[in-house]
Amino acid sequence: MADGPAVRTAELAAPAYIKMMLHAAKYPTTAVNGVFIGDRVGDKIVLRDAIPLFHSPLNLAAMLEVALLQIDGHCRSTGMHIVGYYQANEHVDKFRMDSVFSSIACQINQNNSSAVGVLIENADMTIDTLRQGGGYAVFFSVGAKKWHMWRAKDTAGADDKGFVCGMTPGPAAAGQALVDLVAKGVQDELVDFDCHLDDISLDVLNPALAKHVAL
C-alpha cells in the first residue's frame, strides 16, 4: 500500500463497526482485539471490514504474528490492506491506550502510516449509545508513537484539530442494526482467531455474518 501524508479522516464501514462491537459483546468480561482491513482513498482511510483476533490474553506475540500473516495473505487476494487495529480493555473503567494497544497499533502503523487505532469505550456501551453508532474512539497517527484521539461521543464531525471519523451508511443505521443483532444473540456466532485455533474449521472472516452486517 502506497504511503502518503498522515490522514485526518477515517471512514468506518458498517460491517467493520458491527463486527468489532459484536466481538466485545460476545466476551464482555475479557479484553478483545482485532484488525481492520480496507484501503486509502485520497486523504481518507476506509475501514471496510473487521477481523477479530483474540479474547484471551492479548499479548501473545507468536500467535499474533501467525494471525497477521494469514490476514495479510487474505488482503493480497482481495486488494485490501490492514488499515487499523481495535481493542476493548478488560475493565469497564479502563479507557486508555495500554502497552498492548500501543505495541500492536504501532506495529501496524509502521507498515502503513495511514493506519488508525480504535479503542472501544466499555463504560459508554449503553443501548442508547450503540443505537447512535457510538461507543468508540479513533487514534490517528501524528508521528512516531504519537497519536491524536477523536471520540465519537465528543463530536459528530471534525474536532478542533480537523480529525474526524465518519460512518457508512450512517451511524444511526449501523447502530440500530447492531442493537437488533445483539438482541437476537448474533454475537454468539462470531468467530475470532482464538476460536479458530481451537477448531481450524471456524473461519475468522465470519462469512456466516455477512448477511447480518451488510447494510
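Helix α1 and helix α5 cross in the right-handed sense, a crossing being right-handed if the near helix is turned clockwise from the far one by less than a right angle, and left-handed if anticlockwise. The two elements span residues 14-26 and residues 171-184, and their axes come within 10 Å of each other, with a crossing angle of roughly 35 degrees; axes here are lines fitted to C-alpha atoms, for helices over the stretch in contact, and angles run from 0 to 180 degrees between N-to-C directions. Helices (H or I, at least four residues) and strands (E, at least two) are DSSP runs, numbered from the N terminus. On the α1 side the contact is made by A14, Y17, I18, M21, L22 and A25, which meet A174, G175, A177, L178, L181 and V182 of α5, where contact means heavy atoms within 4.5 Å. Sorted by class, this contact has 11 nonpolar residues, 1 polar residue and no charged ones, with Ala, Val, Leu, Ile, Met, Phe, Trp, Tyr, Cys and Pro counted as nonpolar, Asp, Glu, Lys and Arg as charged, and the others, Gly among them, as polar.

The model is predicted, and local features need a pLDDT of at least 70, side-chain atom pairs count only at pLDDT 80 or more, and totals for chains, interfaces and linings use all residues. Residues are numbered from 1 along each chain as its sequence is written, while side-chain values use heavy atoms, with hydrogens and water left out.

The sheet comes next. It is open and has 8 strands in the order β7-β6-β5-β4-β2-β3-β1-β8, with mixed pairing; two strands pair if DSSP finds at least two bridges between them. Because β7 (146-151) and β8 (164-168) stand at the edges with a single partner strand each, one side of each is left without a neighbour in the sheet. On average, and with direction ignored, neighbouring strands of this sheet are turned by 30 degrees against each other. Helix α3 (residues 99-111) packs on the sheet, where it touches β2, β4 (81-88), β5 (116-120), β6 (136-143) and β7, and its direction makes about 175 degrees with that of β4.

Several strand pairs can be followed individually. Strand β2 (residues 32-41) and strand β3 (residues 44-54) are antiparallel partners over 9 bridges, and within this part of the sheet V35 stands opposite I51 of β3. β5 pairs with β6 in the antiparallel sense over 5 bridges, with V118 opposite V138 in β6. β6 in turn pairs with β7, again antiparallel, over 6 bridges, and here S141 stands opposite W147 in β7. β6 and β7 form a hairpin with 2 residues between them, and K145 in the turn has a positive phi of about 60 degrees. Of the 8 residues of β6, 6 are buried, buried meaning under 20% relative accessible area, exposed over 50%, and partly exposed in between (1.4 Å probe, protein chains only).

How many salt bridges does a search of the whole structure find? There are 7, a salt bridge being a side-chain nitrogen of Lys or Arg within 4 Å of a carboxyl oxygen of Asp or Glu. One of them joins K44 to E11, with the closest N and O atoms 2.8 Å apart; this pair links distant parts of the chain, K44 lying in strand β3 and E11 in strand β1 (residues 9-13), 33 residues apart. K44 is partly exposed at a relative accessible area of 25%, whereas E11, at 17%, counts as buried. R151 and E121 meet in another salt bridge, at 2.6 Å from N to O, and connect strand β7 with the loop between β5 and α4 (127-131) across 30 residues. R151 and E121 are both buried.

Some single residues complete the picture. I120 lies in strand β5 and is buried, with a relative accessible area of 1%. I120 and Q87 are 33 residues apart in sequence but 6.2 Å apart in space, C-alpha to C-alpha. Leaving aside neighbours within four places in sequence, the contacts of I120 include M20, M21, A24, Y86 and F95. A cis peptide bond, with omega about 5 degrees, joins T168 and P169, and P169 is placed in the loop between β8 and α5. N206 is not a glycine, yet has a positive phi of about 55 degrees; N206 sits in the loop between α6 (193-198) and α7 (210-213) and is buried, with a relative accessible area of 3%.
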